[in-house]
Amino acid sequence: MMPWLLSGLGLVILLLAGDALVKGAVNLSLRLGVPALIVSLTIVAFGTSAPELLISIKAVLDNAPGIALGNVVGSNTANILLVLGIPALLATMHTSECETRKTFNFMIAASVLFIALAFRGVFDWIAGLVLLGGLAYVLGDAFRDAHNHRKADQGEEEPEGADPDMPKWQIAVFLVLGLIGLPLGASLLVDNATIIAQAYGVSDTVIGLTLVAIGTSLPELATTVMAALRRQADVALGNVIGSNMFNLLAIIGIASLVGPIGVDPEFLRFDLWVMLGASLLLIPFVFLKMDITRLWGIILSALYALYLFVVLI
C-alpha cells in the first residue's frame, strides 16, 4: 500500500506546487511590468504543465522512458475521451458556439509531427529542437492573434492567478513552495509508480499510460467539469486542445534535451494511433458545429474505459 499512498501524495504535491508556481510567477511578472498578455501566453502555459514536465524529466533521468512518453501520450488520450466525456455526462457542452478550428489544426499537426519523430525510435536533442521549434511557431501565432484582439477591443484580460493586491511576501511564498514542491512531488510519483510497475510485473510504459497519465489529467478534468456546469464550452474545449498541443511540443521537446527518450515499439503499434484517433474524434465538434451531448459523453467515456482495458489486460 505504501507505494500507492506515496504516489498519491506525490501527485497532490505536484498539483498544489504547480498552482502555487503559476500564482507566484504571474504576480511577480505583473509586478515587474511584464504585460498580462505575455504572461498568459508563456508563464501560465508553462506553469500549468509544470507537473507533466517535471515527471518527464525525472523519468528520463531515472532511465524510465516509458513513464515520460506514457505520461504525454496517455494524458492526451485521457484529455479527450475522459476530460470531455465525464463533464458531458453532467451537462451538454455547447461546442457549436466555439471557434477552435485554427488551434485544432495546430494540435493535429503537432500530433502528426510527434508520431513521425517517434518512428525514428528515439526522441533525442534533434527531435527536441524540432518540437520546440513548432512550439515557438504556435506561441508566436497565438501572441499575434491575442495582440490583434487586444487592439481591436482595447481591453486586456488579467491572466489566471493574477491578484493586483497580493503582497510581496505572499508572492515569494508561492514561488518557493512551487519550486520546492514540483521536484519533490515528481520524485515521489515517479519513484513509487516505478515500484508499483515492478511489483505488479507491468512495464513503466503501462504505468505512464494509466496511473501517471490520469493523475496529471485531473486538473484539466476539474477545470472542464466546472466549465461545463457554467456552460463555458469554449473554456472546456480550448483547455483540452491547448493542453494536448503543449504536452506534445513542450514536455517531450524539453525532456528530450535532458536525455534521449527511447520509444517502446508498442507505442508505434497502438498507443500513438489511439491518441491520434481520439484527437480526430473532435472533428464533428470543431468543424460541423455539433454539441457534446450526454450521448457523446457516454461514447467518449466508454471508449476510454475500453482503452484502459486493452492497455491493462
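## Ground rules

The model is predicted, so local features need pLDDT of at least 70 and side-chain atom pairs count only at pLDDT 80 or more, while totals for chains, interfaces and linings use all residues. Residues are numbered from 1 along each chain as its sequence is written, and side-chain values use heavy atoms, with hydrogens and water left out.

## The whole protein

The protein has 13 helices and two strands. Both are DSSP runs numbered from the N terminus: helices are H or I with at least four residues, strands are E with at least two.

Buried residues make up 49% of the 313 residues. Buried means under 20% relative accessible area, exposed means over 50%, and partly exposed lies in between (1.4 Å probe, protein chains only). Now take the contacts between residues at least 6 apart in sequence: 86% of them join residues at least 24 apart. Contact means heavy atoms within 4.5 Å.

## Helix 3 and helix 4

Helix 3 spans residues 50-61, and helix 4 spans residues 65-81. Their axes come within 7 Å and cross at roughly 155°. That angle makes helix 3 roughly antiparallel to helix 4. The cut-offs are under 35 degrees for roughly parallel, over 145 for roughly antiparallel, 65 to 115 for roughly perpendicular, and oblique for the rest. Axes are lines fitted to C-alpha atoms, for helices over the stretch in contact, and angles run from 0 to 180 degrees between N-to-C directions.

Which residues of helix 3 and helix 4 meet? Glu52, Ile55, Ser56, Ala59 and Val60 in helix 3 meet Pro65, Ile67, Ala68, Asn71 and Val72 in helix 4. Seven residues of this contact are nonpolar, two are polar and one is charged. Here Ala, Val, Leu, Ile, Met, Phe, Trp, Tyr, Cys and Pro count as nonpolar, Asp, Glu, Lys and Arg as charged, and the others, Gly among them, as polar.

## Helix 11 and helix 13

Helix 11 (residues 265-280) packs with helix 13 (residues 294-312) at an angle of about 170°. Their axes are 12 Å apart. Helix 11 is therefore roughly antiparallel to helix 13. Helix 11 brings Phe270, Asp271 and Val274 to the contact, and helix 13 brings Tyr307, Val310 and Val311. Five of these residues are nonpolar, none is polar and one is charged.

## The nonpolar core

The largest nonpolar core holds 88 residues. Such a core is a set of buried Ala, Val, Leu, Ile, Met, Phe, Trp, Tyr and Cys residues joined through side-chain atoms within 4.5 Å. Phe114, Phe123 and Leu282 touch the most other members. Helix 10 (residues 233-258) gives the most to this core, with twelve residues.

Not counting residues up to four places away in sequence, Leu282 touches Ile80, Leu84, Phe104, Met107, Leu237 and Ile241.

## Three buried residues

The neighbours below leave out residues up to four places away in sequence. Leu21 sits in helix 1 (residues 2-31). Leu21 counts as buried because its relative accessibility is 17%. Leu21 touches Phe174, Leu175, Gly178, Leu179 and Leu182. The C-alpha atoms of Leu21 and Leu177 are separated by 7.3 Å, though the two residues are 156 residues apart along the chain.

Ser243 is in helix 10. At 9% relative accessibility, Ser243 is buried, and Ser243 touches Asn79 and Glu220. Ser301 lies in helix 13. Ser301 is also buried, at 18%. Ser301 touches Leu81, Gly85, Ile86 and Leu89.
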